[in-house]
Amino acid sequence: MERKMEESTVRDVETGSETGGEDALVGNVNKLMVSPPGYSGALRKGHLVFDACFESGNLGRVDYISEFEFDLFIRPDTCNPRFRVWFNFTVENVRETQRVIFNVVNFSKTKSLYRDGMSPVVKSTSRPKWQRLPAKNVYYYRCPDHRRNYVMSFAFCFDREDDIYQFAYCYPYTYSRLQHYLASLERRNLPYLQREQLGLSVQQRQLDLLTITNCDQHQSPEREKKLVFLTARVHPGESPASFICQGVIDFLVSQHPVAQILRDHVIFKIVPMLNPDGVYLGNYRCSLMGFDLNRHWQDPSPWAHPTLHAVKQLIVQMSQDPRVSLEFYIDVHAHSTMLNGFMYGNVFEDEERVQRQAVFPRLLCQNAPDFSFSNTSFNRDVVKAGTGRRFLGGLLDDTSYCYTLEVSFYSYMTAGSTAPVPYTEETYMKLGRNVARTFLDYYKLNNLIKDNIPAHLQCSEMKFHTGNGNGKGNGRDTSDREREKSQGVGH
Ligand SMILES: [Zn+2]
């Protein structure tokens with residue numbers, strides 16, 4: 001069948017309507033109303049209306065193939081046509097029991113987890129929780145109609161006429177969502193949490209920096225605190241990184257005894273969204289101006305890469321400050337072809353340093369059933385020289401460790417499982433909580449943390465001990481594991 005754009009009727013129509021919810025549409029929007037070729041009458045039920053003009057939305061073009069089939073084109077990253085992976089759009093004006101096939105025809109990648117059972121996520125007005133489509137409804141294949149490009153087709157049956165359906169590559173996590181989350185944290189007035197604006201993006205969006213540590217006066221001032229620096233969403237389409245990052249933050253600001261001990265001994269600095277413009281625009285890999293910021297660490301420009309420039313400046317400044325002991329830098333990403341959580345680290349001449357670098361991922365592997373040490377690898381690829389992990393690995397001294405933390409867009413295998421378990425928003429966050437609590441194991445192993453009693457808990461704040469039998473807040477004892485289970489922290 002010849003597929004030509006001209007044959008279909010695709011109209012841009014100004015409407016003022018909005019859908020509510022987290023990804024609320026922004027102002028007046030251009031919707032794509034797709035009716036059969038040659039049809040010029042009023043839109044009927046079942047003439048689908050597509051829209052991606054909202055935050056983190058992405059859909060470039062829709063071709064009408066038949067009443068039941070549509071070709072969808074991803075809008076490439078702004079100023080960089082090489083990247084076409086992330087999609088996120090709504091469909092409305094559906095007929096009840098209308099069955100359709102959507103073909104996403106212009107992916108820029110060939111290797112994909114779609115081959116291994118990954119499927120797009122969907123929600124609708126009356127079912128606002130994201131779900132993965134059943135894998136049996138998804139096909140990934142080389143298509144002769146599209147220059148032998150890889151095409152992902154999925155079948156879907158609409159079931160409620162008044163619903164607006166939303167489809168996405170993976171669970172969206174928008175800039176606004178982060179802003180709401182951070183505002184809700186701020187409203188709690190936690191004495192150990194500080195939020196500041198580290199800079200602005202090209203489009204004047206906020207680059208947030210959180211500092212989490214206990215500034216309690218009971219603590220001896222001479223006690224050295226280690227510093228852990230975490231960044232996420234340098235690659236805007238890698239939304240799972242935001243769920244992990246939120247999991248880390250949620251744990252570190254919680255009343256969990258492990259979190260309280262960590263705040264006594266460690267300063268956590270977190271930049272939850274390194275590329276806010278890219279996230280807002282619905283890009284997959286790049287910033288507004290088309291730069292892959294994770295290839296520009298060596299020489300970021302204050303006007304072309306302002307957010308990266310600000311973060312790098314802060315880290316370089318801290319690395320030169322004798323009062324700061326920057327021990328960890330972790331940059332969180334999502335991976336489009338691998339399963340599980342895993343890490344990339346650096347290669348060093350010094351074998352002992354290599355071994356020391358493997359300690360954190362090994363401990364994380366014990367705490368997180370979805371984290372794989374065997375997938376973790378250490379490299380010095382030339383193409384990765386401009387990444388945060390590689391650049392800072394060269395800059396910081398040999399007592400510091402720099403990693404990329406990757407998590408699958410799709411699923412994980414646990415020791416006992418026979419089939420991959422698809423990640424949910426919750427299990428991504430759980431990995432974040434497990435990352436956070438692994439720092440306790442690490443610092444106990446390294447004798448930074450000897451006792452298990454947070455300094456300020458030795459005084460009067462016994463209320464934190466409720467539900468924790470021995471009142472000591474031991475990170476790894478039985479009662480603690482029970483407590484973690486009830487909070488969903490454990491395995
Ligand atoms: Zn990435």
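This is a predicted model: local features need pLDDT of at least 70, side-chain atom pairs count only at pLDDT 80 or more; totals for chains, interfaces and linings use all residues.
View 1. The protein donors are His235 (ND1), Glu238 (OE), Glu238 (OE) and His333 (ND1), at 2.1 to 2.4 Å from the zinc ion; donors are N, O and S atoms within 2.8 Å of the metal (3.2 Å for Na, K and Ca), and since water is not among the atoms, sites may look incomplete. Along the chain the donors of the zinc ion follow the spacing H-x2-E-x94-H. Histidine 235, in the loop between strand E15 (226-232) and helix H2 (240-252), and histidine 333, in strand E17 (residues 325-335), are 98 residues apart and link distant parts of the chain; helices (H or I, at least four residues) and strands (E, at least two) are DSSP runs numbered from the N terminus. Histidine 235 is buried, with a relative accessible area of 3%, where buried means under 20%, exposed over 50% and partly exposed in between (1.4 Å probe, protein chains only).

View 2. Tyrosine 284, in the loop between helix H4 (276-281) and helix H5 (306-319), is buried, with a relative accessible area of 2%. Leaving aside neighbours within four places in sequence, the residues in contact with tyrosine 284 (heavy atoms within 4.5 Å) include His235 and Glu238, along with Asp77, Trp86 and Phe409.

**View 3. Strand E8 between two partners.** Both faces of strand E8 (residues 121-124) are covered, with Val121 and Lys123 on one side and Val122 and Ser124 on the other all buried. Three bridges join E8 to the antiparallel strand E9 (residues 127-132), two strands being paired if DSSP finds at least two bridges between them, and E8 and E9 form a hairpin with two residues between them. E8 also pairs with strand E12 (residues 165-168), in the antiparallel sense over four bridges, and the bridge partner of serine 124 in E12 is tyrosine 165.

**Notes to all views.** Residues are numbered from 1 along each chain as its sequence is written, and side-chain values use heavy atoms, with hydrogens and water left out. Local features need pLDDT of at least 70 and side-chain atom pairs count only at pLDDT 80 or more, whereas totals for chains, interfaces and linings use all residues.
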